[in-house]
Number of protein chains: 6
Amino acid sequence: MQRPSGRNPNQLRDITFTRNFTCHAEGSVLVSFGNTRVICTASVEEGVPRFMRGEGRGWVTAEYGMLPRSTDTRMGREAARGKQGGRTVEIQRLIGRSLRAALDLELLGENTITIDCDVIQADGGTRTASITGACVALVDAINFLQRKKVIQTDPLRQMIASVSVGMFEGEPVLDLDYPEDFAADTDMNVVMGESGSFIEVQGTAEGAHFAREELNAMLDLASEGIASLVSMQKAALAEG
Amino acid sequence: MQRPSGRNPNQLRDITFTRNFTCHAEGSVLVSFGNTRVICTASVEEGVPRFMRGEGRGWVTAEYGMLPRSTDTRMGREAARGKQGGRTVEIQRLIGRSLRAALDLELLGENTITIDCDVIQADGGTRTASITGACVALVDAINFLQRKKVIQTDPLRQMIASVSVGMFEGEPVLDLDYPEDFAADTDMNVVMGESGSFIEVQGTAEGAHFAREELNAMLDLASEGIASLVSMQKAALAEG
Amino acid sequence: MQRPSGRNPNQLRDITFTRNFTCHAEGSVLVSFGNTRVICTASVEEGVPRFMRGEGRGWVTAEYGMLPRSTDTRMGREAARGKQGGRTVEIQRLIGRSLRAALDLELLGENTITIDCDVIQADGGTRTASITGACVALVDAINFLQRKKVIQTDPLRQMIASVSVGMFEGEPVLDLDYPEDFAADTDMNVVMGESGSFIEVQGTAEGAHFAREELNAMLDLASEGIASLVSMQKAALAEG
Amino acid sequence: MQRPSGRNPNQLRDITFTRNFTCHAEGSVLVSFGNTRVICTASVEEGVPRFMRGEGRGWVTAEYGMLPRSTDTRMGREAARGKQGGRTVEIQRLIGRSLRAALDLELLGENTITIDCDVIQADGGTRTASITGACVALVDAINFLQRKKVIQTDPLRQMIASVSVGMFEGEPVLDLDYPEDFAADTDMNVVMGESGSFIEVQGTAEGAHFAREELNAMLDLASEGIASLVSMQKAALAEG
Amino acid sequence: MQRPSGRNPNQLRDITFTRNFTCHAEGSVLVSFGNTRVICTASVEEGVPRFMRGEGRGWVTAEYGMLPRSTDTRMGREAARGKQGGRTVEIQRLIGRSLRAALDLELLGENTITIDCDVIQADGGTRTASITGACVALVDAINFLQRKKVIQTDPLRQMIASVSVGMFEGEPVLDLDYPEDFAADTDMNVVMGESGSFIEVQGTAEGAHFAREELNAMLDLASEGIASLVSMQKAALAEG
Amino acid sequence: MQRPSGRNPNQLRDITFTRNFTCHAEGSVLVSFGNTRVICTASVEEGVPRFMRGEGRGWVTAEYGMLPRSTDTRMGREAARGKQGGRTVEIQRLIGRSLRAALDLELLGENTITIDCDVIQADGGTRTASITGACVALVDAINFLQRKKVIQTDPLRQMIASVSVGMFEGEPVLDLDYPEDFAADTDMNVVMGESGSFIEVQGTAEGAHFAREELNAMLDLASEGIASLVSMQKAALAEG
C-alpha cells in the first residue's frame, strides 16, 4: 500500500504551533497539520452563562468556521447565508466538549473561555487540528488568568490532543489529508488526554462498515499519534 | 452495582415496534425502547437532490424532532424559535448516515427516501431508538417500492440497529435510560449492521475520560445488544 | 346528496379521547376525529409572560404543528425551514384564544398553561380536533394544579369544543373530513362553550360565497355537534 | 347606550377613497375609515406562481404592513425584527382570500395581481378598511389590463367590501374605532359581496362569548354597512 | 447640456413639507422632493439603549423602508423576506448619524428619538429627502418634549439638510431625479448643517471615477442647494 | 500636535503585501497596514449572476468579515448570530463597488470574481486595507485567467487603493490606527485610482462637522497616501 501523501502509515504530517499569532486574544495559536492551517484563539471573559450562575464553576465553549476560500472551491459564507451548517455545529460542539475535559471547571472559577477555531486553509483534519491547537491556546489563556491573579489555582488537568485515523486500501493510516480522507472507507476522529485515556471516539463508515479488528488497529494508531502531538504541544508551550 | 432501572448490565429495555402506525407514509413505525417512544416514518419520492442528478443512485436523508413536551420540562418548539438546535442537527445527520449504510444506493435508483423521527416521549436513547425503528420503516418503504414495481431490485444490504452503552459506577451497562445516562461517566452510541460490523461509534466522556479496556467492554456489550435488536426487527417485519 | 364519507349530514366522525397518552405533561390527550389524530398536551409553568406580571391573572397560550408525514404528501418540516407558516400561526392563535375562553384567568393565578397540539395524522378538521382535545388536557392540568394545592380555586368556567361545518352540494354537513373539505364550497369552524354560546365563528368561502340562510343552517348543525362533543369530553374526564 | 365616538349604532365613520394616490402602481388607493388610513396598491405581473403554471388561471395575493408609528406607541419594524408577526400573517391571508372572491380567476388569465395594504395611521378596523380600499385598487388594475389589451374579458364578478361589528354595552354597533374595539366584548369582521352574500365571517370573543341572537344582530348591521360601502366604492370608481 | 427633467443645473425640484401628516407621532412630516415622497416620523421614548444608560446623554436612531410599490417595479417586502437589504441598512445608518449631528445629545437627557423614514413614492434621492424631512420632524419632537416639560433645554444645535449632486454629461447638476441618477456617471450625497459645515460626504463613481475639480464643483452646488433647503425647513417650521 | 502613534501627519503605517498567502484561491494576499491584517482572496468562477446573463460582461463582488477575536474585545460571530451586521454590509458593498472600478467588466467576459476580505487582526482602517490588498489579489486572479487562456484580453483599467484620513486635534492626518480613529473628530475613507481620480469619498463627522478647507486638506493628504500605496502594490506584483 502506498498513501497518496507518500507518508508511512503511522506518520503524522508536519505539525507546527505559532503562539501569539494575533495580538488581542489571551491565547492565540496558528496550528498547521501539513497544509491544514487553523487560527485558534482563546478569549477570557468574567462570568458564566446564565444557566450556570452561582455554582462557582467555569465554562469553556467553542465556535468553528472556515474562511470561504479555505477550500478548493469557494463555499458560501455562513454569515451571509444566515445560518451555520450542520457540519459546523457538529464540529464546534465536539471542540467544546473536548476542551472541557482538559480543565477542572471548579478550579477555573466563574470565568468563561471561548475558543474560536477559524480555518484559513483546509486539507483534511480541520477538526483534529483545531482541537490540538486550541488546547495550546487554552493553556496560554490559563497562564494569563494566573499571571493577572484572576485565579490562584491551576485548572489544567491534562493536555488533550486529537488526530484522525482511517482504513486506506485495507490498512490503518494516521492523520489523513484531504485526498486520503476522500479515498478512505472509514474515518475516525479520536480525542485523547495525555494520560492515554479517551475523551471522544467518533468513527464513521459513510456507506460502508468496519470490523472490530480494524477498529482496534485504528485506535492503536491514534494512541501513538496523540502521544506525539502532546509532546509537540508541550515543546511549543515550553518556548518563550 | 445496581442500575437505577434495576435491569441487569446487559439487559435491554422492553422493545416494541408498531408498524403502520400512521396511514399516509410508505413506512410508519412507532418504536419503544422502554418509555422512549419515537414515530419513525419513511417517505418515498421520485428523484434525488440536485447534486446527485443523473448518476443513477438513490438517496436517504433524515430529520429528527422532539415534541415540546416529550421531556420532563417543556422545551421551546424549534419551529417557533426559527432554527433547529445543534443537538438536533447532529442527531439527524447521524440517522441519515446510518441508514444509508443499510442500502445499496445504486440499486435504489434515482429515488429519495426521507426518514422522519419524531420523539413523542423521551427517556434516554432517543437517537438509538430512532435509528433502530427507522430501519424497520425503511424496509417497509423498500417493500412498497418493490410492490409498486418502481424498483425491480432489492437495495437492502443489511438490517442496521443502534444502542447506547455506558460506564455506570465502573461497570459497562447496556441501553441507558435517562436517569442512568445522567449518572453515567461515559456515553457511547453504537450503530452496527446485522453482520456485526460497525457503522458508527460515537463515544463521549463529557468532562471525563475512559480507558481502552472500558471502551472494549462497552463495545462487547453493544454488539450483543444490537444482535438482539436485529432479531426483534426481523420478527416485527415477519408479521403481517 | 351522498357525503363522500357515507355519513349522515349531521353525523360526527368516531371521536375518541385517550388521556395520559404521554407521561411527562400535566395533561396529555390523544384525540381522534376519525382518521385525524392529534396529541394535545398541557404544560403548567409558574409565572406569566412579562407583559402580564403583577396583575394576578394567569395565561393560556398554544402552539400547533404537523408532523411532516401526517399528510398524504410529505410537507417540509417547519423547524428545518426556519419559520412557521401562515396557516400554522393562524391556527395556534385560534387555539389559544379559544381555550382562554374556557377559564377564568383571574382564578388561575399567575400561572401559565401552554397547550401543544401536534398532528400525527391528518384527515381534515385538525384545528377543531385540536381545540376539542386540548380542552380535555387543559382540565387535567387544572386538576393537577388543584391536587398539588398550587391553586385552591376552580378556574374552569365551561368546557369548550369545536367542529367544522360546510356546504356540500347545496346541503349543510357536519365535521368534514379531508375529501369533503376539499369538495365543499364553504368551510366554517365554530368554537362554542357548553352553554351554547359562541366563542369563535370563522367562515370562509374561498373563491365563492354563501347566503345568510346557509350560514344559519351551518350554525344550527354546529351547535348540535358541539353539544355532542361536550358530552363526550365529560364522559372521558369522568373516567379514571 | 352612548358610543365613545358619539356615532349612532349603525353609523359608519367618514369613508373616503383617493384613487391614483401614488404614481407607479396599476391601482393605488388611499382609503380612510375615519382616522384609519391605508395605502392600498395593486401591482400587475405577468405569470402565476409555480404551483399554478399552465392551468390558465390567474392569481391574487396580498401583503399587509403597518408603519411603525401608525399606532399610538411605536411598534418594532417587522423588517428589522426579521419576521412578520402572527397578526400580520393572519390579516394578509384574509385580504388575499377575500379579494380572490371578487374575481373570476379563469378570466384573469395567467396574470398575478399583488395587493399591498400599508397602514399609515391606525384607529381600529385596519383589516376591513384594507379589504374595502383594496377592492377599488383591484378594479383599477383590472381596467389597466383591459386598456392595455392584456385581457379582453372582464374578470370582475362583484365588488366586495368589509366592515367590523361588535357588541358594545349589550348593543350591536357598526365599524368600531380603536377605543370602541378595545371596550367591546365581541368583535366580528365580515366580508361580503355586493349581492349580499358572505365571503368571510370572523367573530371572536376574546375571553368572552356571545349568543346566537347577538350574532344575528351583528350580521344584520354588517349587511347594511357593507351595502353602503359598496355604493361608495362604486361612486369613487365612477369618478375620473 | 439639457437635464432630462428640464431643470437648470443648480435647480432643486419642488420641495414641500407637510407637518402633522399622521396623528400619533410626536413629529410627523410628509416631505416631497418632486415625485419622491417620504413619511418621516419622530417618536419619543423615555430612556436610552442599554449601552448608554447612566451617562445622561440622549440618543437618536433611524429606520428606513420603502413600500413595495413605491417604485416602478414592485420590490419584495423586506418584512416578508425576513431581512433588510444592504442598501436599506446603509441608508438608515446614514440617516441616524446625520440627525445626531443636529442635536446636542447631552442636552436631550436620557431620551431616545426614533426616526422612521418610509418612502411611499420614489423618484430618486430618497435618502436625501428622508434626512431633510426627518430634521423637521425631529424639531417638532423636540418642541413636544419642551412643551411637555420633559426637557428644559434646547438640544437643537443646528438644522441639517441633505441633497444629491452628480456629474451629468460632464456638468455638475443638483438634486437628481431617478432618470438623471440612472444616467449620471457620479452620484454624491451631501449632508450639511445650516452653518455650511459638512456632516457627511458620500461620493460614488460606480464603475467610473471623477476628478478633483469635478468634486469641487459638485460640493459647491451642494452647499448652495442645502442653504435653500434649510430656508424651506425653517419656513415650514415657522407655520402654525 | 503629536499623533498617538508618533507618526508624522502624512506618514502611512508599515504596509506589507504577502502574495499566495493561502494555496487554493486564484489570488490570495495577506495585507498589513501596521497591526491591521486582512486576508484578501479572489475566487474566479465561470458565469455571472442571473440578472446579468447574456450581456457578455463580467462581475466583481465582495464579502467582508472579522474573526471574532480580531478585536480587543471578542465580538459575536455573525454566522452564529444568523445575520451580518449593518457595518459589515456597508463595508462589503463599498469593497465591491471600488474593485469594479479597477476593471473593464466587458473585457472580463461572463466571469465572476468574488473577493473575500477577512480581518484576522484589527487596529483601525480595516476597510481601506481590505480594498488595497484585494486589488493585488484581483490582479493575481486576472493573471490566472490570462494564463489559463480563459480570457485573451486585459480587463485591468487601473490599480486602485484606499486610505483613511481624519482631523486630529485640528490637523489632517493620514492612515489612522484605532486609537487615532477613536480620538478624531472626522473620519474619511477615500478610494482612488492610480491616475489620481476619485472612486469613493466617504466622510463622516459622527456628532460633529467639518469645514470645506478641512475637507480639502484631508483630500490632499489622501491623494498623496494613495499614490504611495499604488507604488507598493506594483512593487509587490512585480515580485515572483
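Does E:Ser164 count as buried or exposed, and what is its relative accessibility? In this predicted model, E:Ser164 counts as buried because its relative accessibility is 3%, and the cut-off for buried is under 20%.

**E:Ser164 and its surroundings**

- E:Ser164 is part of strand β6 of chain E, which covers residues 160-168.
- Beyond its neighbours within four places in sequence, E:Ser164 is in contact with E:Thr128, E:Val173, E:Leu174, E:Asp175, E:Leu176, E:Asp187, E:Met188 and E:Asn189.
- With E:Leu176 there is a polar approach: a polar atom of the E:Ser164 side chain lies 3.2 Å from the backbone nitrogen of E:Leu176.
- E:Thr126 is 38 residues away from E:Ser164 along the chain, and their C-alpha atoms are 9.7 Å apart.

**Chain B against chain A**

- The contact involves 31 residues of chain B and 31 residues of chain A.
- Together the two chains bury about 2,800 Å², with 45% of that area on carbon and sulfur atoms.
- Of the area that chain B buries against chain A, 22% comes from B:Glu90, B:Phe198 and B:Arg212, more than from any other three residues.
- Between chain B and chain A there are 16 residue pairs in polar contact, both residues being at pLDDT 80 or more.
- On the side of chain B that touches chain A, α2 (86-100), β9 (198-204) and α6 (212-238) each supply at least two residues.
- That side of chain B is made up of 11 nonpolar, 10 polar and 10 charged residues.
- The salt bridges between chain B and chain A number 4.
- A:Glu90 and B:Arg93 form a salt bridge, in which the closest N and O atoms are 2.6 Å apart.

- Strand β9 of chain A (residues 198-204) is joined to β9(B) by 5 bridges, and the two strands run antiparallel.
- A:Thr204 has B:Glu200 as its bridge partner in β9(B).

- In chain D, strand β6 (residues 160-168) and strand β7 (residues 171-174) run antiparallel and are joined by 4 bridges.
- D:Glu171 in β7(D) stands opposite D:Phe168.
- The hairpin of β6(D) and β7(D) has 2 residues between the strands, and D:Glu169 takes a positive phi near 45 degrees there.

Notes: Residues are numbered from 1 along each chain as its sequence is written. Chains are lettered from A and ligands numbered from 1 in the order in which they are written. This is a predicted model: local features need pLDDT of at least 70, side-chain atom pairs count only at pLDDT 80 or more; totals for chains, interfaces and linings use all residues. Side-chain values use heavy atoms; hydrogens and water are left out. Buried means under 20% relative accessible area, exposed over 50%, partly exposed in between (1.4 Å probe, protein chains only). Contact means heavy atoms within 4.5 Å. A polar contact is a pair of N or O atoms within 3.5 Å; within protein, one must be able to donate a hydrogen and the other to accept it, and residues adjacent in sequence count only if both atoms are side-chain atoms. Buried area is the accessible area (1.4 Å probe) that two parts lose on being put together, summed over both. A salt bridge is a side-chain nitrogen of Lys or Arg within 4 Å of a carboxyl oxygen of Asp or Glu. Ala, Val, Leu, Ile, Met, Phe, Trp, Tyr, Cys and Pro count as nonpolar, Asp, Glu, Lys and Arg as charged, and the others, Gly among them, as polar. Two strands pair if DSSP finds at least two bridges between them.
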